[in-house]
Amino acid sequence: MKTRNPDHPTRNTLKQLTLVSAIGLAIFSLLLPASAAPPPYRSWAFSGSLFILTTPDGANIATGPAETNFPLLLRFNSANFPFNKAAADGRDIRFTTATGTALSYQIEQWDAANGQAAVWVKIPCITANARQEIKMYWGKTGVTSESRGNAVFNASNGYASVHHLAETLSDEIGTTTPTNSGTTATNGLIGRARSFASGQGIQCGTAITGLPSGTAPFSTGVWIRPSTSGDDVFGWGLQETQGGKAVMSLITPPRINVDCNFGAADIRGTAAIPLSEWSYVVQTFQSNACRLYVNGVLDASTGGGSMNMSTPCRLDIGGFVPTYGFKYVGDMDELRISSVVRSANWVKMEYENQKPLQTLVGGIVRSGSNFSVKPTSVKMNEVATTTLTAQAGGAQKVYWIYKKNGQETVLATDQLSFNYTAPRVSANDSAVIQFKAVYAGGTKTIDVPLTVINTVPDPVFTLVPSTTSWDGRSTMTVTANISNLTAMQAAGFGTLNYKWCVNGVAVTKQTSNGKLTLTRSQGSGPMNVSLTIDNGGTPVSQTVVINVQEPVSDPWVERTPVANEKPVNKQFFARDPGTGLGTIFYNGTQTGTPDTVFLKVYKTPNGGSETLETTRRQALVSGAYAFTAPITAGLNTYRVVYGTTTGGVDTDVATVTDLVCGDAFIIEGQSNALATDNSAPNDTTTTNKWVRTYGLTSGWGYAISKGNDRQLGLWGWYLANRLVTNHNMPVCIINGAAGGTRIDMHRPNPTDHSLKLGSGWSEDIYANLYNRVVGAKLTHGIRGLLWHQGEQDQGAIGPDGDYNYKFYQQYFVDISAAWKQDFPNLRNYYLYQIWPAACGETSRNDQLREVQRTLPYLYSNMKIMSTHGIVPGSGCHYEPAGYQVFSDLIGPLVEQDVYGVMPTAKLTAPNLQRAYFTTPAKTEIALVFDQNVRWNPGAPTMLFLANAAGAASGTVTSGSATGNTIKLQVSDAASTPTITYLKGLVSWQQPNLLYGSANGIAALTFADVPVANQVPTK
């Protein structure tokens, strides 16, 4: 009915709004003359009229056929109903039409002690754009209640199952038998509701026969107040049948999706579902249409098709058990399944009637004719409260409305008095509170001028860095110097909320309210440190720029051995790249009293004979010994013998064999990093003794391509063998990837990296990797990390309540900070930009790839490779030949960084540096890359221009390339456009790709890159 005023904190005000109960009952209740009442209720002491309003000053149902047998919600409280004049449990209330026909009703809530009631009344007919009177009676002793849920909700108005989700669980129709599994009762939108936590739900049966089945039409509706998004809300039907279920989910960003297992009722909404607020969702289906409504408004619709709803079936509230169990977190109220298609007017009336500030029906009409408001004007301090009281005798409905800048926000309905709490303001603020009353002859209004005085100070602060130039290695701090904390505390608003943000380089950081501590940088360049502080009012932000310059190189950090550490058969030792040596630690205790103990190291070159490399001897110290023995990296195996020496005679005690020394790497990500979902058979016999790995359960051994916990995945296997062959160096790769996982699932447990992040099956990814590397004694031996991940982040199924790409960069920075902490010699990162629109929910795949493209800007030693030029390609996973190309593309980069191979051409994928118009007429755009590129005549089909709002604007007609610059001829470009290269949800073609002219590598895709208005100056 009204639009929300963005300048007014409506949500906070409504939370603080307190209804005043001290209103004289005489102003709205009448003793009914015996001659005026219909015969059944002439002995009732009191009566009153209520009006159903579908007019513009009510629910605003302009046109359409009449709706029959509508369940009308009436809410009462101590401000609008005399509970002390009725029976304590409401048993004496009755309802009739204006002409005296008795109406069926159900009391859902009657709490006389606290002055709250919710009653459903079945209305025979409601017409559009009309006012309709009903009568209520109370004040009769010696009568029994006539409240019956199945008289209001039944087959006559199309209901198959109705759950009020109140204190006691029941199905008003009797179709299902709800059984609670952990949910708790809470104050709801309509009386009481149910609160759900993860793992809690309501199981309503698994062999239900009374719900709509086959191709029959149906409608479902529910009120939800979610705390999180990304999970199922409820579902009915069966999982096994195509089109045999209807599962409503709240996906992210929070919006509604109904999954009907490829049936015609599949539908996805676009309307935002705010967290921690009530929203009403209705889905309707019939063979020629499926519709989704959010808060009474059509949100999405689809064309015709069929369903095959299973019967018997199940109904689960709080999730759908056959898929993911009970996962919904939040509150839920009033779930209904109907065997008819609800009309748009019906859905709108339900919403307008049941929402907190309902418009469909007014309160009991007050006696008299006075119309006034006190006070006539209000001047108040921010966050102060004032009471406004009105008289409106004879009014059919009343509203309190906040008005400012031409917009109106309804604050309260059906109340003659309420407490108004002023919002926080940044300066003195003026508005109007209007009291509006609807009468039979029209509406009356009174405007109350409102002035809110700014009395609470907002934070005033500066940021003070401990240094303006940082080497990224020493610890530095940025402190918030708040100059008016005493004044804020004196005003009662000294509790501050801090939000720190670091941009420009990847860092390891800790925050504690007013202090940011930076302990490590992984990049160089300008670093922007921002802090936003608020004390409940307008947030205040400050930014400081710090120049980061990392050292050219870092010294190799030696690992401290653990107590009693000894090598094991087939162990891999990482080499120090500065010396080319690895270190064997052999520590422990020895019983007896030998003269000395010894450690002998034997070396066998590849294809050669074993020779004694070194012998070390030492005397025991309190029975303990500690040997350190260097070994040379390369294609050599080592045997270590420990023993005791007494009287000049050596006695061997223990022998460890098949040790090697070389370079260690990690592969991380999801299924295309795991690289085992393909047609290649499991192969546990093909090994290379120079390629090792450490299994989480099996420990050290020869790596395989796929088949057990020593698998590297196909491209990891190909890469390892390539490095061994080309550089005569043993290689260890630990593949810690987990298929089908979002980036947030790869985070470490913040208190202990060896423990799971949480209790979910996929939340032990970091812990598993960490524990493998620790078990392998390679924490200080990891040279590089290779990352292929993002398919699960192309849409919005993460925990953050928005599209995943918006959080991807920060997640990666935080995870890489943990890697750098745990693996201190890790220097090089190698990323793949994922295949367009691969595998998962792909609505924002272009934006996700753009975030991946720009990640290297934050790091000094990160390289990114494209995948969309790989042949053979894949819509999700790759076959062995495709994974071979993975290795062929990334291998030269690893060889350049680790083995010093100097390339003859640039090894990375071409990456866009900037885009700008070359002409004032904006008919030509220059794309400048980081290397020479070649033009493809088919490329215009892959390039898209859009305006600032994201809508298509302009066309690329042709182009040419000179050196590292492509010039595009364009037409009808917007004044400030963006440009996108390759849209994953458009039918893109590999033959039309752009490539580096020297290396033949496909250029990285880019999305929504602003096009500058003039030639950039150097």
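The dialogue below goes through cysteines, a histidine and a sheet in a predicted model.

Colleague: What should I know before reading the values?

Modeller: This is a predicted model, where local features need pLDDT of at least 70 and side-chain atom pairs count only at pLDDT 80 or more, while totals for chains, interfaces and linings use all residues. Residues are numbered from 1 along each chain as its sequence is written, and side-chain values use heavy atoms, with hydrogens and water left out.

Colleague: How many disulfides does the rule count come to?

Modeller: A disulfide is a pair of cysteine sulfur atoms within 2.5 Å. By this rule there is one disulfide. Cys 839 is joined to Cys 876, with 1.9 Å from S to S. The link is right-handed, with 105° about the S-S bond.

Colleague: Where in the chain do Cys 839 and Cys 876 sit?

Modeller: Helices (H or I, at least four residues) and strands (E, at least two) are DSSP runs, numbered from the N terminus. Cys 839 is in the loop between β52 (828–833) and α9 (845–854), and Cys 876 is in the loop between β53 (862–866) and α10 (880–899). The pair links distant parts of the chain, 37 residues apart.

Colleague: Is Cys 732 buried or exposed?

Modeller: Buried means under 20% relative accessible area, exposed over 50%, and partly exposed in between (1.4 Å probe, protein chains only). Cys 732 is buried, at 0%. Its sulfur is 11 Å from the closest cysteine sulfur, in Cys 661, which is too far for a bond. Cys 839, by contrast, is partly exposed at 34%, and Cys 876 is partly exposed at 23%.

Colleague: Which residues is His 788 in contact with?

Modeller: Contact means heavy atoms within 4.5 Å. Leaving aside neighbours within four places in sequence, the contacts of His 788 include Glu 668, Tyr 832 and Phe 886. His 788 lies in strand β51 (residues 782–788) and is buried, with a relative accessible area of 0%.

Colleague: What order do the strands of the open sheet have?

Modeller: Strands of a sheet pair through backbone hydrogen bonds, either parallel or antiparallel. Two strands count as paired if DSSP finds at least two bridges between them. Here four strands form an open sheet in the order β33-β35-β38-β37, with antiparallel pairing. β33 (461–465) and β37 (507–512) stand at the edges with a single partner strand each, so one side of each has no neighbour in the sheet.

Colleague: How many bridges pair β35 with β38?

Modeller: Strand β35 (residues 476–482) pairs with strand β38 (residues 515–521) over four bridges. Thr 479 stands opposite Lys 515 in β38.
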